[in-house]
Amino acid sequence: LIGFSVLLILHDASALTNVINSHAAPPQSQPSSKPAMQSMFKGPLANGSMLLGSFTVLNLLTYMDRGLINGIIPSIGGDMKVSKTALGLLYSFYMIGYCALSPCCSMLCSHLQPVFLMGVGMMIFVVSLAMGAVTPYFGLLLAARAMAGIGSAPFQILSP
């Protein structure tokens, strides 16, 4: 589901750019904007419900990831044999990655398409979750949590 949503966002980045560019400067030969508005509503995001649905699902998953780690900390500590202090770093590393990249995302938005940034962020987020799920080492789990924060920052900043 996440992969489908990321592909949908990346696929429609060019379509959204074409829509924005077509409405930025209407052609002189066209007397009314009615045909341009009808052409805007073609494709998989015909009424915007697919985009809204994918944003809702992805926001739900990123917020679940933030809170889920608190519920599984005892089992991670038992499996990896680490102290409670080290386990506290799991959430801290997520927030460090998130806070480090959040200001950069708003600056990058003026140079790159926001939809493209969100798609790249979600791909980083998904890869980091997969890496964190299969790693047997605590150091790699910390790195995966930092990458998850980095990956969720563009999406959370640009799609409130």
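Entry 1: Helices here are DSSP runs of H or I of at least four residues, strands are runs of E of at least two, and both are numbered from the N terminus. I noted that phi of lysine 81 is near 55°, a positive value in a residue other than glycine. Lysine 81 is exposed, as its relative accessible area is 72%. For these classes, buried means under 20% relative accessible area, exposed over 50%, and partly exposed in between, with a 1.4 Å probe and protein chains only.

**Entry 2: basis of the values.** I recorded that the model is predicted, that local features need pLDDT of at least 70 and side-chain atom pairs pLDDT 80 or more, and that totals for chains, interfaces and linings use all residues. Residues are numbered from 1 along each chain as its sequence is written, and side-chain values use heavy atoms, with hydrogens and water left out.

**Entry 3: overall make-up.** I found 6 helices and 0 strands in the protein, and the order of elements from the N terminus is α-α-α-α-α-α. Of the 160 residues, 33% are buried. I took contact to mean heavy atoms within 4.5 Å. Among contacts between residues at least 6 apart in sequence, 79% join residues at least 24 apart.

**Entry 4: helix α4.** I checked α4, residues 84-108, and found 25 residues that reach 37 Å from first C-alpha to last, close to the 36 Å expected at 1.5 Å a residue. The expected span is 1.5 Å times one less than the number of residues. α4 bends by about 30° at serine 102, and proline 103 follows within four residues. The bend at a residue is the angle between axes fitted to the seven residues ending there and the seven starting there. The buried residues of α4 include Leu90, Tyr94, Tyr98 and Ser102. I saw that the buried residues of α4 pack against α3 (49-80), α5 (114-134) and α6.

**Entry 5: the aromatic pair.** How many aromatic pairs does a search of the whole structure find? The search gives 1. The rings of tyrosine 91 and tyrosine 94 have centres 6.4 Å apart and planes at 25°, so I list the pair as stacked. Rings of Phe, Tyr and Trp (its six-membered ring) pair if their centres lie within 6.5 Å; planes under 30 degrees apart count as stacked, over 60 as edge-to-face and the rest as tilted. Both tyrosines lie in α4, 3 residues apart, about one turn of the helix. Tyrosine 91 is partly exposed at 31% relative accessibility, whereas tyrosine 94 is buried at 0%.

**Entry 6: helix α6 and serine 152.** I then turned to α6, whose 21 residues reach 31 Å from first C-alpha to last, close to the 30 Å expected at 1.5 Å a residue. α6 is mostly covered, with 15 of its 21 residues buried. Where does α6 bend by about 30°? The bend is at serine 152, and proline 154 follows within four residues. Serine 152 is buried, at 0% relative accessibility. The side chains of serine 152 and tyrosine 94 are joined by a polar contact of 2.8 Å. A polar contact is a pair of N or O atoms within 3.5 Å; within protein, one must be able to donate a hydrogen and the other to accept it, and residues adjacent in sequence count only if both atoms are side-chain atoms.

**Entry 7: threonine 62.** Leaving aside neighbours within four places in sequence, threonine 62 is in contact with Tyr94, Met122, Phe125, Ser152 and Gln156.

**Entry 8: the nonpolar core.** I listed the largest nonpolar core, which has 11 residues, among them Phe55, Tyr94, Val115, Met122, Ala148 and Phe155. α3, α5 and α6 each supply at least two residues of this core, and α5 gives the most, with 5 residues. A second, separate core of 9 residues includes Ile69, Ala86, Leu87 and Phe138. Such a core is a set of buried Ala, Val, Leu, Ile, Met, Phe, Trp, Tyr and Cys residues joined through side-chain atoms within 4.5 Å.
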